[in-house]
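Keep the coordinates open as you read.

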Amino acid sequence: MTAAVLPSFRAFSYHWLLYRRTWKGSIVIGLVNPLLFLTGIGIGIGKLIDANSGGVDGVDYLAWLAPGVLAASAMQMAFAGGGFAAFREATPEGSYASAAATPLSPTDIMVGQQLFATARVALLSAGFVVVQVALSAAPSLSGAALAVPAACLTGIAFSAPMAAWAVTVRRFTTLQTVFRFIVQPLYLLSGTFFPLTSAPEWLQKLAYLSPLWHGVQLCRGLSLGTLTARQLLVHGSVLIVLAAGGLIVARVTYRRRLHQ
């Protein structure tokens, strides 16, 4: 088992070494942007919502918002680590061609990329939760901590399918289009900033198809301590199926791309 896993960790160590030199750039996307949402919307607009409506679902808006922003941030980081990174590394200037010339298999290369993408989501999500606790935006310290692995699951549910697809893409503008018109709108259509019960019924049904909605519900339920066993099973299962399906397809697309 160890011998089979070790090559993937060698691929992971390459990405981690590069990240140690370039981590400052990821802070903006992974930590600064979510914190701006948390402070600007959660604290600024949240005061008005709390004063007029008594919060959302019985809790302060800031505490309700924070887990949703955590899940949405995990999605965005996963797209960068799964979609953009896979596309970049699969180009002639990227590392995949060189790695494929070593004993590493395409699956080793793919798994190493996914391990790194998940590790980055975990690291930045933990940093977000620390600030969330410092801002008194976490009703429960243990609940906020449990939201970190939920954010990681949300991340890999995006990064694995995105990598499986992105490694087949030839034009960078294709990824930009998907990010602009599919990924970014999910922020507004997945219950991140407002309860979907206030949205039209057709929009609610559409949102239920979004992986981010399941991630938001999982992170929020764990953070607020309101998640039921059934909800854990449903939301967790959807994200696990997406992650597993993405990894299975990625094995095929990576092999085809790297063996050309």
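Serine 136 sits in the loop that links helix H4 (106-134) to helix H5 (141-166); helices here are DSSP runs of H or I with at least four residues, strands are runs of E with at least two, and both are numbered from the N terminus. Its phi is positive, about 60°, although serine 136 is not a glycine. The residue is exposed, with a relative accessible area of 65% (exposed means over 50%, buried under 20%, and partly exposed in between, with a 1.4 Å probe and protein chains only). A second case is aspartate 57, in the loop between H1 and H2. Aspartate 57 is not a glycine either, yet has a positive phi of about 55°, and with a relative accessible area of 66% it is exposed.

A word on the ground rules: this is a predicted model, in which local features need pLDDT of at least 70 and side-chain atom pairs count only at pLDDT 80 or more, while totals for chains, interfaces and linings use all residues. Residues are numbered from 1 along each chain as its sequence is written, and side-chain values use heavy atoms, leaving out hydrogens and water.

Now step back to the whole chain. The chain has 10 helices and zero strands. For 260 residues, a compact globule would have a radius of gyration near 18 Å, and the 19 Å of the chain agrees with this; the radius is taken over C-alpha atoms, and the rule is 2.2 Å times the number of residues to the power 0.38. The C-alpha trace spans about 60 × 40 × 35 Å along its principal axes. Buried residues make up 48% of the 260.

What lies inside? The largest nonpolar core has 68 residues, and Met75, Phe79, Tyr96, Ile109, Phe128, Leu212 and Tyr254 touch the most other members. Such a core is a set of buried Ala, Val, Leu, Ile, Met, Phe, Trp, Tyr and Cys residues joined through side-chain atoms within 4.5 Å. Helix H2 (residues 61-90) gives the most to this core, with 19 residues. Leaving aside neighbours within four places in sequence, methionine 75 is in contact (heavy atoms within 4.5 Å) with Phe158, Val183, Leu186, Tyr187 and Leu212.

Finally, look at leucine 6 in helix H1 (residues 2-53). Leucine 6 is partly exposed, with a relative accessible area of 40%.
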